[in-house]
Amino acid sequence: MRLDVVLRVTTKFILAPLLLFALYVQFHGDYGPGGGFQAGVIAAAAIILYGLINGLAAARRIVPDAVLERLIPAGVLIYALVGVAGMFTGENFLGYNHLAHDAVHGQEWGVFLVEAGVFVTVFSSMVGIFYAFAGRRRA
Amino acid sequence: MTLIDPLIALATRGVTIFLMVAGLYVVIARGNMVKKLVGLSLFQSSVYLLFILPGKIVGGTAPIIDPAFEVYAHPLPHVLILTAIVVGIGTLALGLALVVRIREAFGTIEEDEILAREDAVRVERDE
Amino acid sequence: MTISAEFLEPIITLVLLLLLAVIAFGIVRVRGLFAVVIMLGAYSFLMATLFIVLDAVDVAMTEASVGAGISTVLFLGALYLTDVKEATGRARRLAPMLVAVVTAGVLIWGLSDLPEFGSADQPIHTKGADYLDRSIPETGIQNVVSSVLASYRGFDTLGETAVVFTAAIGVLALFARRRSDGKG
């Protein structure tokens, strides 16, 4: 597989657009199809593709295990903290209305931050699960 | 129009039921654990279909508000199924990890072979 | 001459549903697990296409990336670590078939009251939650799926993120390398 020129060159061309597309899906999720899950999975797919073509060690240099192990809980924490922040502004848990100067802006901020939390957890979970499977030796 | 209506009514129900039953059959009848997980995926996706189908309005559009459109599909099933898909991949990953560990411990992923091996171990211990 | 959506959409749905049924039949019958996994990928892509026709674009995107992408990779990884061929073990047909037939019967009975496909007077549209009217004034978000997901039903999504977190931790724990020379 490693000598397959077509695959390696195509991967090189496709990686940057894939990551860019993930960011587009993430930040355009309020206006079109998309959001944290889809963006997280697409970004993870880019890393997985890189790992499949160039080997696991190369992928681990880009996204090391230590980073992943912190990102997986970090996303859930971001999400929960946004909820708690809503409580401090006098709303219910995960009530975004008072996060900014008016309710609509507060909602937009809340949704943005929550989607960011989802992205972080989904991305790191998918890459982490891939590493776990790919790094396993055959019994 | 008159011919397509009963056909589509039959197909939406029939295919949903067929997918669900096929998934269920694979989970029960097949001993291979990877195949069981495939069956579970089939079963899950039939539930996706069952939820998404009623949200559709013929001639409508996706639930993204725009002045150019008036008829939208209902967004609630979409949200529920989005959640279900992501939870599905989580359970699938965990299930596959368990299958790999089982293979490492027993040397096989066939259910009856694992049971036979466990019985053999038990008999050995009792003697 | 233009073909109306009222005519075309049910036909496309019909064709995609039949293709799904054919692939599902193949998945049940074939014994080679490699072929089964690849067929499952094709199945997911068909399902995503069907979701686009059913106006569920967010779901289609997720199904295409998760179902056809990540889960295929995971299945192939698991196949590499286990066996590619399913054993043709002892015949155990009667009981599963009985369960399947009974379930099918119950489902046919239960789904017989489903409303007509694609009509606007289904209960979900007439009596369901009015997110479509509320999203723009209350949250300013055009994509109603996003606003329901992250705002109106934010608690669901928190739980779901926690599930993904738990699954990842579970897989990492199952595959953890033992740091000490531990046994068993």
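Colleague: Is C:Asp55 buried or exposed?

Modeller: C:Asp55 is buried, at a relative accessible area of 7%. Keep in mind that this is a predicted model.

Colleague: Which residue does C:Asp55 form a salt bridge with?

Modeller: B:Lys56. The closest N and O atoms are 3.0 Å apart. The pair runs between chains: B:Lys56 sits in the loop between α2 and α3 of chain B, and C:Asp55 in the loop between α2 (33–53) and α3 (57–81) of chain C.

Colleague: And B:Lys56, buried or exposed?

Modeller: Buried, because its relative accessibility is 0% and the cut-off for buried is under 20%.

Colleague: How many salt bridges cross between chain B and chain C?

Modeller: Three, by the rule used. Polar contacts come to 21 residue pairs across that interface, both residues at pLDDT 80 or more.

Colleague: Which elements of chain B touch chain C?

Modeller: Those giving two or more residues are α1 (4–29), α2 (33–55), α3 (75–106) and α4 (111–126) of chain B. α3(B) gives the most, with 24 residues. By class, that side of chain B has 55 nonpolar, 13 polar and eleven charged residues.

Colleague: What area is buried between chain B and chain C?

Modeller: About 7,900 Å². Carbon and sulfur atoms give 76% of it. On the chain B side, B:Tyr25, B:Lys56 and B:Ile65 supply 9% of the area buried against chain C, more than any other three residues.

Colleague: How many residues does each chain put into the contact?

Modeller: Chain B puts in 79 residues and chain C 91.

Colleague: Switching to the whole structure. How many salt bridges over all chains?

Modeller: Eleven. One of them links A:Arg136 and B:Glu104, with the closest N and O atoms 2.8 Å apart.

Colleague: Why does that pair join two chains?

Modeller: A:Arg136 lies in the segment after α5 (103–134) of chain A, while B:Glu104 is in helix α3 of chain B, so the pair joins two chains.

Colleague: What about C:Arg134, which residue does it meet in a salt bridge?

Modeller: C:Asp130, at 3.4 Å, N to O. C:Arg134 counts as partly exposed at 29% relative accessibility. C:Asp130 is partly exposed too, at 38%.

Colleague: New topic. Where does UniProt place the transmembrane regions in chain A?

Modeller: The unreviewed UniProt entry puts them at residues 5–25, 37–59, 71–89 and 109–134 of chain A. In the model, residues 109–134 are 100% helix and 0% strand, with end C-alpha atoms 37 Å apart. Residues 71–89 are 95% helix and 0% strand, with the ends 27 Å apart.

Colleague: And where in chain B?

Modeller: The unreviewed UniProt entry gives residues 6–28, 40–59 and 79–100. Residues 6–28 of chain B are 100% helix, with end C-alpha atoms 33 Å apart. Residues 40–59 of chain B are 80% helix and 0% strand, and the end C-alpha atoms are 33 Å apart.

Colleague: Where in chain C?

Modeller: Per the unreviewed UniProt entry, residues 12–28, 33–54, 60–82, 94–112 and 157–176. Residues 60–82 of chain C are 96% helix, with end C-alpha atoms 31 Å apart. Residues 157–176 of chain C are 90% helix, and there the ends are 28 Å apart.

Colleague: Last one. Where does C:Phe45 lie?

Modeller: In helix α2 of chain C. Leaving aside neighbours within four places in sequence, C:Phe45 is in contact with C:Ala64 and C:Ala68.

Colleague: How far apart are C:Phe45 and C:Met61?

Modeller: 9.8 Å in space, C-alpha to C-alpha, and 16 residues in sequence.

Notes. Residues are numbered from 1 along each chain as its sequence is written. Chains are lettered from A and ligands numbered from 1 in the order in which they are written. This is a predicted model: local features need pLDDT of at least 70, side-chain atom pairs count only at pLDDT 80 or more; totals for chains, interfaces and linings use all residues. Side-chain values use heavy atoms; hydrogens and water are left out. UniProt positions are given in the numbering used here, feature names are shortened, and annotations may be inferred rather than shown by experiment. Helices (H or I, at least four residues) and strands (E, at least two) are DSSP runs, numbered from the N terminus. Contact means heavy atoms within 4.5 Å. Buried area is the accessible area (1.4 Å probe) that two parts lose on being put together, summed over both. A salt bridge is a side-chain nitrogen of Lys or Arg within 4 Å of a carboxyl oxygen of Asp or Glu. A polar contact is a pair of N or O atoms within 3.5 Å; within protein, one must be able to donate a hydrogen and the other to accept it, and residues adjacent in sequence count only if both atoms are side-chain atoms. Ala, Val, Leu, Ile, Met, Phe, Trp, Tyr, Cys and Pro count as nonpolar, Asp, Glu, Lys and Arg as charged, and the others, Gly among them, as polar. Buried means under 20% relative accessible area, exposed over 50%, partly exposed in between (1.4 Å probe, protein chains only).
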